[in-house]
Amino acid sequence: MDHTKMLCFIWLCIVPISDSKSIPIGMFRTECQDRHFWLAVRSNVLGYTFRFDVEDDHGVRTITGPWAAECGYTVVRDLLGDLVLRASYLACNVENQQVDSEFQLLVWFVNADVHNEETSYPLLLTCPLQQPWSPREIVCEETYMEVSVLKPTPPDHQKGTEWMNPAPVSLEEGVSGWRVVFHVPVMSQEPGEARGMREETVPVEVAHLLGYRINSRGSRILLRCPYGSRLSYPVQVNGIEMELVSATVFYKHQWTLLRVDTSVACTTRKASVEGTHIVWTFPHAVSPLVQPPATDRGVRVGVGGQYLSSCMAQQRGYQVQELSGRVQIQVPFGAEGGLVKSHVIDGEYLQSYFLDLFYLQEWEDAQWSLTQQRSFRPVSVLRQPHTPRVINSTVVSEGVFSMALGLFPPDVSLVNVTVAGETVSWSKADGLGLGLSQVPFPNGSHAFLLQAPFSHPAVSQQYLGDRRRRYTLSVVFNLLVSPEAELYRHPATVETDLQDVVLPSLAGECMARGVKLLLHYGNMDTDWAVYVGGERLDWDVVQVEGYNLVAQKDQFGVDVPLYSQGMTYEGLGMEGLLVSVQLSLSHLDTGENITYRQRCLFPVQELLVCLPDGRIIVLVDTSAVSPPIDPEWTSLLNPSCRPLHTNLTRALFSFSIDTCGTIKTLKDNELSYANEVRYTPAVLPHMTPPSIHQLSFRVPVGCVHPVDGQPTLSIYESQSHTPSPASFRPRKRRALRTEGHWKRPLVRGQKMHIAETGG
């Protein structure tokens, strides 16, 4: 008998709750996974409504609501949309066939159509115990926490249990006579602060009413409860949020009272996305559950109910790292083991990633010779923009373009390509002299490869002069995302020149208060016009804008001061002011253009930016306030307008001039928009009230725009953060009156460009 798969029997009797029909082939998939039954129903057979029922000698019960969590059942939709049931071997209604060596569960899948006509499919699930039980096992499921320990009989060597003779209280035999002692924190008058722990002793029947399942299953004692149950409480272990139930079970065995520690704790922190990886962090040692001295037995990672070997995990890019008392599981976005789903929204290609992740953590401590903790966390990263890569593998010496577009999951197919305005299908490609193929990769993804000789009519040729010829292949890949039948068009271009003429090259670097642009002459340095920020460079521009020119043998340099006309404002963030300068060359004969954009980030403590689109962006420094204030608790006149980003001493706000309580006034044919950054902490009873100095923190913010005409860009620096000698010229127009906090504008009017994405 193959014990790696669940034995599935058809229950042929017709029971009163519904009619039974034969089970279609492939409708169900069943497995025995570690410590639970696993049953999946194909998504394509799910009806208008559907459910799972379980049956035992006491009757039939629907798996739903709090009862499902209390009894050890989890019902979810998996990565493919299939309906999945996970049932603990220790769940309610599970029959323990051979003293913890075989478990059996009768499940009814009830499928209903739009007319509410039900069809029931009974399955008798039988699973052998593949690995012996550990002295203590903890399960952190999606909806519940579970702990089970071996039921000791004298003599016992587990310190997690203790014989008490004579017994301190009188108990009857059987579960009904059991008592449970919950240890819960005693909260002080200050919210969130505990003064100690108190004990609350309740009979098992009362514990059941509180959402706890406490009983004896075969050779084990079990405690299970949904997350958020009464008498559970949150704790932090190494900065990780967890939920803890601290409980002791007393039960009578013959003439002796037995005390068993049934505490359980599970992390409630979800996985997060950090860059290109999904990160799941949990404590290395859960202090409420570990009694030193302890020995770590390691962490194993699994996907879809199957453990991964260290070699397989490494091949897929999975990493398990221990950092400062924490364990991090890092999984690359799109890694094998999960499911990548494609989307097309407003012409943009996006990907979602789903991963059914779990881990097993093992340790030994002074209480238990071995503890196993299994935690399940489905990961869903939805609709992340993903630009397909164009891979140019052209070999010039072969005279054939070779370009690939990818990588795509299996739900993306290529319909056709558009080359030189002509639609080319798969069947027509060979006849037109084009090579079109799909390139598979080991992880299940693929790319689409297009090949065309340089001499193909679809390849454009441009004469550049001096025996130089440029070959260009432009193509549009027309793709289809299934099953939604969403169309996505991706243009791609590759080109090559057959001569090695060195054209002028451009570079740049950031200086303390400006940008240095460099033009390397190359071997073709005549008849080029130079443009800085879109304006042709001549002596008038150099003198007006304060540029510094440096000519050398092999290069030409232009120093562009900060806030000068050649600058383009791109954004203000916590890191500083982001600007760019574009250096362009235009050949006077051929019209060929060479463009370079140098971006620079200039650190600033405080800065106020007024944008033509009516937005105000301000970076405010709070470091001068004593006692210090938390920038996260600053706001504008409207307290609901909080900063976008903060660090220890600064806050960044971005808002429109007609929001956040901004006050508008008219004077001298100009509209002034004034606001203010304040310190508005949330004062709770347990918190220390803010000081007068903290509450008096005020930073005026505002902009001035003409009544008639288009609003313009203005940039202000703080009076308290004096820069090095600036290279901008003072403007005659008055600055906004902001109580002396801001200087007159460094930029006013149209003298500084604005990037379309400037923020």
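Me: Does the relative accessibility of Tyr563 make this residue count as buried or exposed, and what is the value?
Reply: In this predicted model, the cut-off for a buried residue is a relative accessible area under 20%. Tyr563 falls under that limit and therefore counts as buried, its relative accessibility being 2%.

Me: Tyr563 is not a glycine; what is its phi?
Reply: Most residues other than glycine have a negative phi. Tyr563 lies in the loop that runs between strand E46 (555–561) and strand E47 (567–573). Although Tyr563 is not a glycine, its phi is positive, at about 70°.

Me: Is Asp346 buried or exposed, and what is its relative accessible area?
Reply: Asp346 is placed in the loop between strand E29 (339–345) and strand E30 (348–364), and this residue has a positive phi of about 50° although it is not a glycine. The cut-off for an exposed residue is a relative accessible area over 50%. Asp346 is therefore exposed, with a relative accessible area of 80%.

Me: Which residue in the turn of the hairpin of E55 and E56 has a positive phi?
Reply: Strand E55 (residues 663–667) pairs with strand E56 (residues 670–679) in the antiparallel sense, over five bridges, and within this pairing Lys664 stands opposite Tyr673 of E56. The two strands form a hairpin with two residues between them, and the residue in the turn that has a positive phi, of about 55°, is Asp668.

Me: What is omega for the cis peptide bond that joins Gly406 and Leu407?
Reply: Most peptide bonds are trans. A cis bond joins Pro292 and Pro293, with omega of about 0°, and Pro293 belongs to the loop between strand E24 (277–283) and strand E25 (295–303). Leu407, by contrast, has its place in strand E33 (residues 400–408), and for the cis bond that joins Gly406 to Leu407 omega is about -5°.

Me: Which strands stand at the edges, each with a single partner strand?
Reply: The sheet in question is open, has three strands in the order E18-E19-E22, and is paired in the antiparallel sense. One side of each edge strand is left without a neighbour in the sheet, because each has a single partner strand; the two are E18 (233–237) and E22 (264–267).

Me: Which residue in E19 is the bridge partner of Pro234?
Reply: E18 and strand E19 (residues 240–245) run antiparallel and are joined by five bridges. Within E19, the bridge partner of Pro234 is Glu243.

Me: How many residues apart in sequence are the parts that Cys140 and Cys266 tie together?
Reply: Cys140 is joined to Cys266 by a disulfide with an S to S distance of 2.0 Å, and the torsion about the S-S bond is about -85°, so this disulfide is left-handed. Cys140 lies in strand E11 (residues 136–140) and Cys266 in strand E22, so the separation in sequence of the parts tied together is 126 residues.

Me: How far away from Cys225 is the nearest cysteine sulfur, that of Cys266?
Reply: The disulfides of the protein chain follow the pattern 1-4, 2-3, 5-6, 7-8, 9-12, 10-11, with the bonded cysteines counted along the chain. Cys225 is in no disulfide, and from this residue the nearest cysteine sulfur, that of Cys266, is at a distance of 8.4 Å.

Me: What is the separation of the C-alpha atoms of Met27 and Asn44?
Reply: Met27 is found in the loop between strand E1 (7–10) and strand E2 (28–33), and it counts as buried, at 3% relative accessibility. Leaving aside residues up to four places away in sequence, Met27 touches several residues, among them Phe109 and Tyr121. Met27 and Asn44 are 17 residues apart along the chain, and their C-alpha atoms are separated by 8.7 Å.

Me: How many contacts does the model have for residues 722–739, beyond four places in sequence?
Reply: The protein chain averages a pLDDT of 84, and 86% of the residues score at least 70. Where pLDDT is low, the predicted coordinates should not be read in detail. For residues 722–739, pLDDT stays under 50, and the number of contacts that the model has there beyond four places in sequence is 40.

How values were computed
Residues numbered from 1 in each chain as written. Predicted model: local features only at pLDDT ≥ 70, side-chain atom pairs only at ≥ 80, totals over all residues. Heavy atoms only, no water. Pairing = 2+ DSSP bridges. Helix = DSSP H or I, 4+ residues; strand = E, 2+ residues; numbered from the N terminus. Buried < 20%, exposed > 50% of the residue type's maximum accessible area, 1.4 Å probe, protein only. Contact = heavy atoms within 4.5 Å. pLDDT = per-residue confidence, 0-100. Disulfide = S-S within 2.5 Å.
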